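Hi there,

Here is the structure I promised to pass on to you. Have a look at it first, and my notes follow below.

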Amino acid sequence: MYNSILHFNEFGIKKIEKVIKDFMENNNRDLGDLVVDLEKPMQELQREIIKETIEAVDEIYRNDQGRKKDYHIERREEKNTILTTCGEVIYQRTYFKSKKTGECEYLADKAFGITSHMRKSEDVSIKIIESAVDMSYRLSGEKATATEDIVSKQSVMKEIHDIDIPKIIPDLKEKRKKKIIYINADEDHVSLQFHHKKGDLKENENGYKNNTVMPKLIYVFDGIKKEGPKSKRNQLINKHCFGGVYSDNEKLWEEVMAYIDEVYEEETIETIYLMGDGASWIKKGVDVLGAKCRFVLDKFHLKQYVTRATSHLEEKAEYVRSCIEDEISLEDKDGLKRIFKLIIEETESESKKEQVRKTRDYILNHWEAIIIRNDDPDARMGCSAEGNVSHIYSSRLSSRPLGWSKTGVDQMARLRIYRQNGGKVYDLMKYQKQKQERQIAQAIQIEMDRNIRKNREKYTDVWNSSNIATDMGKRTGMYHIMKAMRGIG
C-alpha cells in the first residue's frame, strides 16, 4: 500500500488538482460534475491499493521459510484480472506446488478467497443482485461497477439462477402469544420465454401459447395498525412472506406451518384466518394448518365476479348487486339462486350467461367462506393480497412485457421475498460462502468415512481369517494382534 500512496501523491494528486482547476474555471459546471470527475482518480487509487496488497501477500509467501518446507515455486509473475466495483484489477501472483500432494495453487489468491474460475469479486456480485431485484439483467450489469466496466446480462442471469436463498426466521427472545393470526395468499401471472428450453411452448386449440407460470405469495401477520397518528393508511403487524414457483403446494404450506410453530406459542392460538380467492392451492393451506384454520373468501375477488356477472345490466346493475349482497347478509342460498336465474333470463349473450353461471357457482361453492363475516368480526379483516402481489412480484416480474425462464421467475420471486423479510444481499453472499465451506468439509468427511470403512473391512477380513489360529489354541504373534483388534467392527 505504501507504493500506491507514493504513486498517488506523485500522479493522483496532480489529477485531482487539474479536476478542481477545470471546475473552478468553468462556470457552467455544478457539484455533480465535480463529484463524477473526482471518482476516476480515486478509483485508480483503490485499484492500485488492491493490486499492491495482493502482491504483497504473494511476496510474503515467496519468502516465508515455513512455506518452503511444504511448497516449492512452480511459476512466477503470472497475471490475473478480477473485476471489482472500482474497476478491473490486474495483478501478478506465484504458482506454488505442494511437496506432499503434488497439487498446485496460487496461495495469495487463496488468502483473498479468489477461486480458479472467479472473474469478479464479491462486492460486484452484491451490487448485481441488489440491482437485479429491481431492474433488468442488462441494466444490472451496467450498474455492477462504478466504472465503465460492464457485466453481461447472461452473467447476471447466471448469478441470479445459481444463488441459494435461505429462509429468514425472526430472532425472538420468546415466542409471540397471539389468539388470532392472519394469512393472505394470492399469485402473480408471469410470461415465460420457454419452460425448459427455447421452442418448447405449445399452442392450444385457440392459438394461444401455454407460457404462463404463477409464483405464489403467502404472508402471515398479527393484525393491522395505522402508519401514523394522522395517517389514513394501514400497515400489517409483523408481516412475514413466503413464496416462489411451487409445484408441490403442500410443501409451501408446510414452510408456513414451520414458521408459525417457530414464532408463535401454539397454546395461545385460537384461530388462523386464511384469506384468498378460493384457488385450490390456497385452500390446501386449511388442510395443512389444521382445525384452527378457517378460510375466508377475499371480498375483492367476490366483488370482481359479481361485477362481471352484472355489468351488462346497465342501469339495473347497481340494484341487482345490492340484492345479491342482501341475500348473502341474510344467508339465503335459495334467494341468491333466484336472483341469478332472473339475471340469466335478462341476458341475451350465451357467453355472458356462462359468466353469470360461473359467478353463481363461485359464490355457492365458497358459501361458508363468504358468510363467515356476518357473525365473526375478526373475519372482516380486509385482504391486501392483490396489492402485495403487485408490490412484491408484479412490479418486477409481470407489469412490463418481459419474458422469463421458470428458474428465473422462481429465483427472482424468492429474492424479492427475502428482501421483503428484511434480508440483506451482503448476508446472502456470506451464506453462499459458508455453504461452500460446509460442502467442502462434508466432501472431506465423506472421503474420510469411505477410507475408514475400507480399513474396517480389511481388519474384519483379517479377523475372520485368524479364527482358525485362535480355534486351534495357538498363541502366535498374529493371535495377540487379533485379540487387540476385537473391538473393530
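Let me start with Y273, which is buried, as its relative accessible area is 3%. Buried here means under 20% relative accessible area and exposed means over 50%, with partly exposed in between (1.4 Å probe, protein chains only). Please bear in mind that this is a predicted model: local features need pLDDT of at least 70 and side-chain atom pairs count only at pLDDT 80 or more, while totals for chains, interfaces and linings use all residues. Residues are numbered from 1 along each chain as its sequence is written, and side-chain values use heavy atoms, with hydrogens and water left out.

**The overall picture**

The protein has 19 helices and 12 strands, taken as DSSP runs (H or I of at least four residues for helices, E of at least two for strands) and numbered from the N terminus. Of its 489 residues, 38% are buried. Taking contacts between residues at least 6 apart in sequence, 65% join residues at least 24 apart, where contact means heavy atoms within 4.5 Å.

**Aromatic rings**

Searching the whole structure turns up 10 aromatic pairs. Y182 and Y273 form a stacked pair, because their ring centres are 5.7 Å apart and their planes are at 20 degrees. This pair links distant parts of the chain, with Y182 in strand β4 (residues 180-187) and Y273 in strand β11 (residues 271-276), 91 residues apart.

Y305 counts as buried at 15% relative accessibility, and Y362 counts as buried at 9%.

For the cut-offs, rings of Phe, Tyr and Trp (its six-membered ring) pair if their centres lie within 6.5 Å; planes under 30 degrees apart are stacked, over 60 edge-to-face, and the rest tilted. Ring pairs also join Y182, Y219, F221 and Y273 into a cluster.

Two charges sit over rings as well. The charged end of R93 is over the ring of Y106, 3.6 Å from its centre, and that of K216 is over the ring of W281, 5.7 Å from its centre. The test is that NZ of Lys or CZ of Arg is within 6 Å of the ring centre and within 35 degrees of the ring normal.

**How some helices pack**

The axes of α12 (residues 333-345) and α13 come within 10 Å and cross at roughly 170 degrees, which means that α12 and α13 are roughly antiparallel. On the α12 side the contact includes L336, F340, I343 and I344, and on the α13 side V356, T359, I363 and L364 are among the residues involved.

Helices α11 (residues 317-330) and α14 (residues 367-375) have axes that come within 8 Å and cross at roughly 80 degrees, so α11 is roughly perpendicular to α14. Here E327, I328 and S329 of α11 meet W367, I370, I371 and N374 of α14.

Axes are lines fitted to C-alpha atoms, for helices over the stretch in contact, and angles run from 0 to 180 degrees between N-to-C directions. Under 35 degrees counts as roughly parallel, over 145 as roughly antiparallel, 65 to 115 as roughly perpendicular, and the rest as oblique.

**Helix α8**

What does Y259 touch, leaving aside its neighbours within four places in sequence? Its contacts are I169, P170, R176, V220, N238, H240, F242 and Y264. Y259 lies in helix α8 and is buried, with a relative accessible area of 2%. The C-alpha atoms of Y259 and I169 are 7.2 Å apart, although 90 residues separate them along the chain.

E255 also has its place in helix α8 (residues 249-263), and at 19% relative accessibility E255 counts as buried. Neighbours within four places aside, E255 contacts K167, F242 and Y246.

E77, in strand β1 (residues 71-84), has a positive phi near 50 degrees without being a glycine. E77 is exposed, at 60% relative accessible area. E331, in the loop between α11 and α12, is likewise not a glycine and has a positive phi of about 60 degrees. At 34% relative accessibility, E331 counts as partly exposed.

Best wishes, and enjoy exploring!
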